[in-house]
Amino acid sequence: MVQSLLKVTSGSYLKGQFFLVWKCLSSSHVPAGGWSLTVSGYLWTSPRSLAVRLLGAAGEPSTVAPGREAATLPQPHLEQPPRLESCSGFIDEGFSRALDPEYGVCENLRKLEITGVSCRDVYAKRINPRVKSGRFMRILPDYEHMGYRDVYTCLLHRYRHILGLWQPDIGPYGGLLNVVVDGLFIIGWMYLPPHDPHVDDPMRFKPLFRVHLMERKSATVECMYGHKGPHNGHIQIVKKDEFSTKCNQTDHHRMSGGRQEEFRTWLREEWGRTLEDIFHEHMQELILMKFIYTSQYDNCLTYRRIYLPPSRPDDLIKPGLFKGTYGSHGLEIVMLSFHGRCARGTKITGDPNIPAGQQTVEIDLRHRIQLPDVENLRNFNELSRLVLEVREQVRQEQQQQQQDGEGPAPPQEPLSARGPPGAPAEEGGDPRGGAAAAEQPAQSGQPFVLPVGVSSRNEDYPRTCRMCFYGTGLIAGHGFTSPERTPGVFVLFDEDRFGFVWLELKSFSLYSRVQATFRNADAPSPQAFEEMLKNIQSLTS
């Protein structure tokens with residue numbers, strides 16, 4: 001329970017009414033300077049004694065020792081007995097104070113439905129074919145007769161465990177769900193990447209479900225999937241960090257034009273185009289396959305909690321979520337996290353080749369690559385030679401570690417484009433890894449172009465980069481068959497963009513940071529974040 005929450009419970013002890021006061025803020029008889037009273041410990045007393053102790057003779061607070069009997073306390077002489085607010089009034093005020101800092105609810109309950117809402121919108125006519133005269137049905141919650149206590153106990157506290165970031169179990173495709181308190185609703189928003197290949201565009205989002213109070217002490221769960229408006233749904237908290245949703249009226253997801261109309265609508269929303277605009281036959285197959293697979297769930301899904309990666313001052317850039325291009329699969333969401341002297345990109349959304357939860361790229365921050373000049377960089381063979389030399393160097397270091405049985409080998413100097421492996425480079429290595437390298441003069445940027453023959457979904461990539469590192473990318477056949485880590489180049493452009501050159505695929509992926517802010521998404525500890533990564537990876541291994 002939040003610290004600012006007023007906890008007052010009433011009950012009978014012997015033959016009188018008594019109150020257990022933990023912490024309260026008085027709203028009556030407040031001096032000009034204002035004051036608040038905190039009763040430490042637990043104090044059992046009657047309502048009148050409580051009023052006398054709280055207010056004192058002149059309206060000033062009096063000190064009460066925890067657990068002292070009423071007879072031992074000095075009784076002040078009052079001209080008139082103070083007016084004590086009812087218990088329910090204290091409770092409602094305490095809950096209203098609690099909702100703002102903990103859940104972000106600061107609206108006045110009694111003003112929500114009268115501001116900018118017409119009477120016609122507040123009431124909808126419900127037509128009953130058996131009755132000639134129709135009835136009007138209220139379509140908004142009855143906030144006027146609702147208290148903050150009802151909102152807290154029946155809505156926010158009851159469903160507090162589903163707030164935060166989640167990954168739906170949709171086979172290889174995954175997803176990103178953000179459950180937030182929005183006004184007096186709890187809404188589950190599915191976050192979607194922008195339309196391919198516009199990686200710098202903001203994220204799209206659509207509601208999947210919502211929970212709210214239509215009546216006092218009665219929370220209603222509604223499914224928002226489909227195009228016919230909200231309808232009856234259900235939420236079940238399966239276990240810690242896992243919950244499921246179920247739609248009880250899946251007929252609301254169907255469209256009059258059948259599956260063809262549903263597919264065309266989904267295609268416009270998911271890809272921003274029609275099937276005729278997609279000329280690549282393999283891409284058409286992938287899109288159709290995703291529609292058939294994902295639509296069968298009908299918003300009846302299981303979600304597992306995910307955390308945002310913890311940040312440290314020595315990280316190369318701020319970790320977080322990024323949108324990335326993945327060829328015919330379109331844009332996907334990747335989580336960039338730092339683990340000592342390596343960085344990892346974990347898929348939050350995936351595809352039939354590399355499913356969600358797998359580590360799509362891994363960057364070795366101990367092995368920096370010095371790119372050649374622009375003219376030589378256009379030659380793919382030149383870049384390939386540099387990367388393969390670093391890969392051989394990494395292999396030798398791993399063998400040496402196994403033979404010596406020691407810790408990680410010291411970082412090597414970055415390879416120059418004008419010398420053999422191990423030759424002195426223009427910029428020396430730093431044992432602190434990539435974070436220290438970021439402080440070097442190369443931060444100002446160096447020219448960057450893709451080698452001839454390397455394909456990219458987005459040709460609008462930056463033409464200068466800050467630095468490059470050796471890395472590996474995960475590739476596999478359909479159905480995640482024969483997975484293999486292949487060499488590549490991690491290219492850091494700025495704080496919000498990076499790229500990866502897949503050497504074997506001769507392709508380039510561009511990543512751009514997700515700028516949205518997520519509440520209740522921080523990991524409680526670095527160990528909890530590592531455990532979360534292992535769990536989501538094991539689901540698709």
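Are Arg366 and Asp364 buried or exposed? Let's look at this pair and some other charged partners.

## The model

This is a predicted model, in which local features need pLDDT of at least 70, side-chain atom pairs count only at pLDDT 80 or more, and totals for chains, interfaces and linings use all residues. Residues are numbered from 1 along each chain as its sequence is written, and side-chain values use heavy atoms, with hydrogens and water left out.

## A buried pair

Arg366 is buried, and Asp364 is buried too (buried means under 20% relative accessible area, exposed over 50%, and partly exposed in between, with a 1.4 Å probe and protein chains only). These two residues form a salt bridge, with their closest N and O atoms 3.3 Å apart. A salt bridge here is a side-chain nitrogen of Lys or Arg within 4 Å of a carboxyl oxygen of Asp or Glu. By this rule, the model has 22 salt bridges.

Glu242 and Lys239 join their side chains in a salt bridge with an N to O distance of 3.8 Å. Glu242 counts as buried at 12% relative accessibility, whereas Lys239 is exposed at 52%.

Another salt bridge links Arg385 with Glu382, where the closest N and O atoms are 2.8 Å apart. The two are three residues apart in helix 8 (residues 380-404), so about one helical turn separates them. Helices are DSSP runs (H or I, at least four residues), numbered from the N terminus. Arg385 is partly exposed at 29%, while Glu382 is buried at 19%.

## A network

Which residues are linked in a network of salt bridges? They are Arg254, Arg259, Glu262 and Asp298.
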